[in-house]
Amino acid sequence: MKLSRPQRRTPPETIIALIDVVFFLLVFFMLIGRMDATAPFEVRPATAFTGSHMPAGGATVSVAPAGTLALDGKETIASALLTILSEQLNAEPGLLVRINAHRDVVMADLLPLVAEIEALGARDIVLVVTPEIQ
């Protein structure tokens, strides 16, 4: 009886090691790469600081989460607020305007108000922020 041995086949090359290397490179470049658009010029973002006192005087605009507005503690509507601010800015051109917005106010709702106040001629508009008490 003649038995033949099966022919030895060369083992197929595994691609697992190559896949591991590719994923390591992918993760590496994702970690070190910048995913945001860079400006073609230098941009220095605003810095926040605490401990300094707010200058006295000026006007304070308060904004509630529902969009309710108040000027110097008196609730008002947007058109009346802008009219009063316009008169105050005409009387005192360097008037400081503070905007004290509730933490739940969406910035997209606040920015048009800032633009309208700026269009009235306000040069100094300050957004008042209060750190969360822990």
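Visitor: Is Phe-28 buried, partly exposed or exposed?
Guide: This is a predicted model. In it, Phe-28 has a relative accessible area of 43%. Buried means under 20% and exposed means over 50%. That makes Phe-28 partly exposed.

Visitor: How does Phe-29 count?
Guide: Its relative accessibility is 49%. The cut-off for exposed is over 50%. So Phe-29 counts as partly exposed.

Visitor: What kind of pair do the rings of Phe-28 and Phe-29 form?
Guide: A search of the whole structure finds one aromatic pair. In the pair of Phe-28 and Phe-29, the ring centres lie 5.2 Å apart and the planes stand at 70°. Planes over 60 degrees apart count as edge-to-face. So the pair is edge-to-face.

Visitor: In what order do the elements of the protein chain run?
Guide: The protein chain has three helices and five strands. From the N terminus on, the order is α-β-β-β-α-β-α-β.

Visitor: Which strands pair with S4 in the parallel sense?
Guide: Strand S1, residues 59–63, pairs with S4 over five bridges. There, Val-61 stands opposite Ile-99. Strand S5, residues 124–128, also pairs with S4 over five bridges. The parallel partners of S4 named here are S1 and S5.

Visitor: Which helix does the chain pass through from S4 to S5?
Guide: Leu-96 has Asp-124 in S5 as its bridge partner. The chain crosses from S4 to S5 in a right-handed β-α-β crossover. The helix on the way covers residues 107–119 and is H3.

Visitor: How many residues of S4 are buried?
Guide: Of the 134 residues of the protein chain, 16% count as buried. Strand S4, residues 96–101, is mostly covered. Of its six residues, the buried ones number five.

Visitor: Do S2 and S3 run parallel or antiparallel?
Guide: Three bridges join S2, residues 69–71, to S3. Ala-70 stands opposite Glu-75 in S3. The two strands run antiparallel.

Methods:
Residues numbered from 1 in each chain as written. Predicted model: local features only at pLDDT ≥ 70, side-chain atom pairs only at ≥ 80, totals over all residues. Heavy atoms only, no water. Phe/Tyr/Trp six-rings, centres within 6.5 Å; stacked < 30°, edge-to-face > 60°. Buried < 20%, exposed > 50% of the residue type's maximum accessible area, 1.4 Å probe, protein only. Helix = DSSP H or I, 4+ residues; strand = E, 2+ residues; numbered from the N terminus. Pairing = 2+ DSSP bridges. Right-handed = clockwise from strand over helix to strand, strands pointing away.
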